[in-house]
Amino acid sequence: MDKPVLNSLLLGSTDPERLKKWYIDGFHAEVNGYGNLDLGGFVMLIEKRDDVAAATVEPGRVVLNFAVEDIEAAAAHLRTLAVDWLVEPEDRGVGWFATLVDPDGNYVQLIQMKPEYYANL
């Protein structure tokens with residue numbers, strides 16, 4: 001068997017248009033020909049689902065990680081959208097991390113690793 005490649009993520013939502021707009025506005029996602037969000041080569045599908053609650057019950061079960069080059073600039077942009085922060089940008093040694101909540105209650109994390117982290121890979 002060939003090695004499988006993770007290439008997309010499906011988020012079920014009771015209000016997919018609101019959630020799509022949030023990711024488009026917050027992360028400059030582009031909409032591809034199928035109506036899915038292209039986030040730098042990784043595709044996010046957001047679909048209407050009747051088998052999910054309006055807000056996630058366990059938001060920490062899956063955390064969406066976004067690598068950013070400038071965490072302060074990314075956070076400043078997201079603040080213009082009045083996001084809810086769990087953790088404002090903070091230095092955690094190997095990099096800077098911040099955690100916010102999307103409109104469905106999913107945790108979203110910004111990560112800016114320090115150059116030393118990559119040098120030690």
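What follows is a chat that sets values against cut-offs, and the model it talks about is a predicted one.

Me: To get my bearings, how many helices and strands does the chain have?
Reply: The chain comes to three helices and eight strands. Starting from the N terminus, the elements run β-α-β-β-β-β-α-β-β-β-α. The C-alpha atoms fill a box of roughly 45 × 45 × 30 Å along the principal axes, and buried residues make up 36% of the 121 residues.

Me: What makes Tyr23 and Phe27 an aromatic pair, and what kind of pair is it?
Reply: Two numbers are needed here, because a pair of aromatic rings is described by the distance of the centres and the angle of the planes. Tyr23 and Phe27 sit 5.9 Å apart, centre to centre, with 25 degrees between the planes. The cut-off for a pair is 6.5 Å, and planes under 30 degrees apart count as stacked. So the Tyr23 and Phe27 rings are a pair, and a stacked one.

Me: Where do Tyr23 and Phe27 lie?
Reply: Both are in helix H1 (residues 16-27), four residues apart, which is about one turn of the helix. Tyr23 and Phe27 are both buried. Ring pairs also link Tyr23 and Phe27 with Trp22 and Phe66 into a cluster. In total, the count is six aromatic pairs.

Me: How do you know that Lys114 and Asp91 form a salt bridge?
Reply: Side chains of opposite charge can pair when their charged atoms come close. For Lys114 and Asp91, the closest N and O atoms are 3.0 Å apart. The limit is 4 Å, so this contact qualifies as a salt bridge.

Me: What does the pair of Lys114 and Asp91 tie together?
Reply: Lys114 lies in the loop between strand E8 (107-113) and H3, while Asp91 is in strand E6, so the pair ties together parts that are 23 residues apart in sequence.

Me: Is Lys114 buried or exposed, and how do you know?
Reply: Lys114 has 13% relative accessibility. Buried means under 20%, so Lys114 counts as buried. Asp91, at 44%, counts as partly exposed, because that label covers values between 20% and 50%.

Me: What makes you say that the charged end of Lys114 sits over the ring of Trp96?
Reply: The charged end of Lys114 is 4.9 Å from the centre of the Trp96 ring. The distance limit is 6 Å, and the charge must also be within 35 degrees of the ring normal.

Me: Why are E6 and E7 called a pair of strands?
Reply: Strand E6 (residues 84-91) and strand E7 (residues 95-101) are joined by five bridges in the antiparallel sense. At least two bridges are needed, so E6 and E7 count as paired. They form a hairpin with three residues between them, and Gly93 in the turn has a positive phi of about 90 degrees.

Me: Which strands are the edges of the four-strand sheet, and why?
Reply: The open sheet has the order E1-E4-E3-E2, with mixed pairing. Its edge strands are E1 (8-13) and E2 (30-31), as each pairs on one side only. Further in, E3 (residues 37-39) and E4 (residues 42-48) run antiparallel with three bridges, and Leu39 has Phe42 in E4 as its bridge partner.

Me: How do you know that Arg61 is exposed?
Reply: Arg61 has 64% relative accessibility. Exposed means over 50%, so Arg61 counts as exposed. Arg61 forms a salt bridge with Glu58, with the closest N and O atoms 2.8 Å apart, and Glu58 is partly exposed at 44%. The whole structure has seven salt bridges.

Me: What makes Tyr118 only partly exposed, and which patch is Tyr118 in?
Reply: Tyr118 has 49% relative accessibility. Exposed means over 50%, so Tyr118 counts as partly exposed. Tyr118 is in helix H3 (residues 115-119). With Val94, Tyr117 and Leu121, Tyr118 makes a nonpolar surface patch of about 440 Å².

Key. Residues are numbered from 1 along each chain as its sequence is written. This is a predicted model: local features need pLDDT of at least 70, side-chain atom pairs count only at pLDDT 80 or more; totals for chains, interfaces and linings use all residues. Side-chain values use heavy atoms; hydrogens and water are left out. Patches are made of residues with over 30% relative accessible area and no salt bridge: like charges are joined within 9 Å, nonpolar side chains (Val, Leu, Ile, Met, Phe, Trp, Tyr) within 5 Å. Accessible areas come from the Shrake-Rupley method with a 1.4 Å probe; for residues, only the protein chains shown count as cover. A salt bridge is a side-chain nitrogen of Lys or Arg within 4 Å of a carboxyl oxygen of Asp or Glu. Buried means under 20% relative accessible area, exposed over 50%, partly exposed in between (1.4 Å probe, protein chains only). Rings of Phe, Tyr and Trp (its six-membered ring) pair if their centres lie within 6.5 Å; planes under 30 degrees apart count as stacked, over 60 as edge-to-face and the rest as tilted.
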